[in-house]
Amino acid sequence: MPFSSGPWMRENQRYLNHSSAQMSTAVTLALRDLQRQTPPLGNYDIQLHMLDSQCDPSVALKALFDSVWAGPEYLLLIGGGLCPSVTSLIARSLPALNLVQISFAASSPSLSNRRLSGNMFSTLPTDRALNLGTVKLLQRHKWSRVGVLTQQGDRLAEMNKDLLKQLLKADVHMVSSQRFSGDVCSSLRNIKESDARIIIAQFEEDSASEVFCCAYKLNLFGPRYQWLLVGGGPGLRFASHVSGCTASNLLTAANGSIMLRSPQGYQEAYLKELKSGSKLNFTPLHGYAYDAVWVAGIALVQVMEEVKHREKYSVHRNTSVTKEQVHKKLLEAVKETQFEGVTGPVFFRNGERMTSLDVIQFQGSSSVLVGEFNTSSQQLRLTKNLLKFKGAGPTRDRTMVVYQRQSVSLLTYAVVSSAAAATITLTVILLCLSVCYRKHWLQRRGIGSQDGLLLLGILLSSSSLLFSGLDQATLSNNTLDICCSVRVWTLSVGHTVGLAVLFTRSWRIYSQCRIKQPQVHAGCVVLWMLLLDAFVLISWQILDPLRRVEMQHSIVSDSFDQDVVVHSYSEQCSSSNMDMWLTAIYGYKAPLLGLGCFVGWSIWTEQADHPAVSSKHLTLSLFSVTVFSVLAALASMLTSQYPPVQFCLASGLILCCNVFVLSAMFGPKLVYACLNGSQLKEAESPEREDGDRLIRLNQQLKSQTEQLEVEIETITMQLSETSDSADFEPGENNYGEFRSSAHKALVSSGERNSEEKPPSPDAVNCPEHVLRRLSVQLPILHHAYLPVIGGVSASTSSLNAFLHHDTL
């Protein structure tokens with residue numbers, strides 16, 4: 001037999017803080033019990049060799065090669081593995097040497113790579129299982145932000161490396177990772193500055209006093225912090241006194257900490273196996289070493305039975321079994337091994353020992369089992385009534401940020417919309433009255449079109465409030481984007497139209513009273529302002545359209561919980577270059593408002609010199625538009641972080657401005673229309689008849705004027721002929737001749753029109769009367785009929801009448 005010439009068990013890589021005699025006791029006890037309960041091994045010798053690798057890979061590898069070279073042939077090794085560097089190197093060498101190793105202390109997460117460490121098995125649960133349990137605990141309480149504190153050392157460094165991989169897979173953010181060897185306080189201070197609330201600590205149990213003393217000094221305990229201890233051994237052992245801390249301080253800092261560790265229930269079962277009544281110094285590795293020997297023995301017995309069966313009954317019994325075949329069968333046997341050991345159920349999956357990890361919480365001075373983590377099913381079970389937190393619930397993993405959405409309430413929007421609707425209704429009523437009674441009060445002397453434009457501006461600016469205060473709770477994103485553009489267009493165009501009308505009226509009065517210049521045409525001013533406004537708005541809409549965006553506002557602490565901050569945000573209409581476009585709009589409207597105030601003040605002071613100039617209502621309306629516009633712009637900018645306040649202030653100022661202008665400019669007319677509406681309707685038909693009569697009279701006067709012009713032209717031609725036929729010098733005698741010639745011309749004209757006798761001196765067509773008509777009556781008649789047919793009145797009081805009416 002290829003394995004009959006020497007020992008089949010050998011411990012390698014021995015570097016423990018415990019004595020070799022104590023570990024050999026556990027191995028010897030396991031071998032004795034194994035020989036009692038399993039089939040005999042025959043004539044094969046069992047030799048136990050204790051080697052010390054000194055945690056040096058070169059020393060360990062040389063000892064292994066020397067043993068293999070010296071013989072006999074080895075099939076299986078039982079080794080420790082507390083040194084990750086040694087364990088990793090030996091595990092990679094085993095396949096080439098056709099060896100299988102059963103370890104009782106190898107826990108490095110690097111052994112989970114079965115491609116490189118396929119021949120290494122360990123009865124001690126790997127540190128990877130502890131990391132998986134820790135990640136499951138984080139996920140159970142929705143902790144996604146942690147800080148990691150790791151003590152320097154090969155094993156803990158490997159454990160920390162694997163922990164970072166597990167945290168990354170679980171989408172847990174590590175805000176700080178600190179390693180310490182001497183001064184742990186500086187590392188904890190860095191973790192505190194990173195605002196980490198969940199602290200994962202990886203350190204040896206003899207460093208617990210130093211760690212929690214610094215935690216007490218830095219106030220890293222209490223309801224705001226949660227400690228998770230991983231890899232610290234079976235428990236925490238605090239020194240009676242540490243520099244700067246008492247035992248009570250250490251217990252206070254460690255109170256509430258949670259630790260994952262291998263189960264300790266096997267201690268009693270293992271102690272019962274000891275035949276000696278003397279008490280030995282017990283370590284957890286004793287039980288794992290005991291179970292490791294059992295794994296090796298069960299696997300080896302199974303392989304030996306298969307070999308014996310082949311030698312007796314197989315058709316290939318005459319063929320010897322090679323070392324490679326034995327190695328393969330032994331490897332498969334170890335993988336399929338399953339029994340109840342002193343450390344719990346022993347079986348392997350992907351080379352790792354499957355077991356349950358205890359979840360222990362330190363509550364005061366005692367340790368309470370609050371749950372377990374099953375490495376086989378990857379399930380974490382917690383006993384809620386035993387797990388206690390120092391706050392009202394699980395510790396928050398960060399300063400809790402409560403996002404508070406500031407929006408206009410439905411009640412506020414309903415009130416403002418109702419006020420805007422009332423203003424719109426009143427404006428529409430005035431527009432209807434302007435159509436019904438345009439001949440009496442809205443369109444006297446050519447100002448009806450301006451009143452209509454002013455009402456249109458008020459209507460648009462009031463309608464803009466209906467598109468404000470809306471959010472995603474009521475409309476979709478696309479609809480909100482459209483509302484943003486509609487609101488800006490209606491507000492800006494309405495303001496421009498109203499301001500242009502008021503400025504035009506004020507300038508007309510100012511030009512008549514002060515600079516005596518021709519009146520400004522209202523349509524031109526309004527048209528140019530609308531074109532400028534449309535140019536800016538269209539450019540804005542095309543180059544940088546308005547969108548509904550979330551605006552982040554200030555962060556304030558909660559008055560009831562110091563660990564909670566309130567982060568307010570809101571939805572507003574904005575664009576990339578919002579400030580630039582607003583500056584462009586304010587840039588051309590602000591000078592017009594200033595000029596309007598100057599003109600209004602000028603015509604206000606003009607009333608003292610010209611009492612007929614009644615511009616009080618017009619000036620007040622212009623002042624109110626300027627004041628309310630400035631206040632609305634300032635209120636919008638100063639309250640941008642408080643959308644409900646901004647909406648109420650801006651909407652209130654716009655509505656107050658519109659109502660004031662309506663009251664000042666149309667209040668008297670509205671009252672007059674309400675009180676005299678029936679009389680105005682009754683006066684429609686008589687006025688229509690008077691109009692027709694005036695039209696007929698105008699036509700008659702036009703025909704008479706044409707006839708008189710023909711007669712004047714005829715007389716003028718006759719007088720011209722008479723003066724050409726008779727040369728005379730100016731003088732008194734010549735005047736008589738002129739009168740005689742004129743008399744003859746008139747007589748000739750009269751003869752053409754009538755066959756009566758020449759008129760007497762008292763008749764209407766006598767020469768004296770004709771001359772008088774030529775010199776006086778005809779010029780007067782020529783100018784008198786002009787007002788009737790549309791001419792200019794010669795009265796000097798027309799200016800005062802116009803000024804008085806224009807302010808209405």
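This report describes the cysteines and disulfides of a predicted model.

## Disulfides around helix α7

The structure contains 3 disulfides. One of them joins cysteine 185 to cysteine 214, with an S to S distance of 2.0 Å. Cysteine 185 belongs to helix α6 (residues 184–193) and cysteine 214 to helix α7 (residues 208–217), so this pair links distant parts of the chain, 29 residues apart. The torsion about the S-S bond is -75°, which makes the link left-handed. Cysteine 185 is buried at a relative accessible area of 15%, and cysteine 214 is buried at 5%.

Another disulfide runs from cysteine 213 to cysteine 245, again given as S to S 2.0 Å. Cysteine 213 lies in helix α7 and cysteine 245 in strand β10 (residues 245–246), so the bond ties together parts 32 residues apart in sequence. This link is right-handed, with 85° about the S-S bond. Both cysteine 213 and cysteine 245 are buried.

The sulfur atoms of cysteine 484 and cysteine 573 are 1.9 Å apart and form a disulfide. Because cysteine 484 sits in helix α15 (residues 477–515) and cysteine 573 in strand β20 (residues 564–574), the pair ties together parts 89 residues apart in sequence. The link is left-handed, at -75° about the S-S bond. Cysteine 484 has a relative accessible area of 1% and is buried; cysteine 573 is buried at 17%.

Cysteine 656 takes part in no disulfide. The closest cysteine sulfur to that of cysteine 657 is in cysteine 656, 8.8 Å away, which is too far for a bond, because a disulfide requires sulfur atoms within 2.5 Å. Cysteine 656 is partly exposed, with a relative accessible area of 43%, whereas cysteine 657 is buried at 10%.

Methods. Residues numbered from 1 in each chain as written. Predicted model: local features only at pLDDT ≥ 70, side-chain atom pairs only at ≥ 80, totals over all residues. Heavy atoms only, no water. Helix = DSSP H or I, 4+ residues; strand = E, 2+ residues; numbered from the N terminus. Buried < 20%, exposed > 50% of the residue type's maximum accessible area, 1.4 Å probe, protein only.
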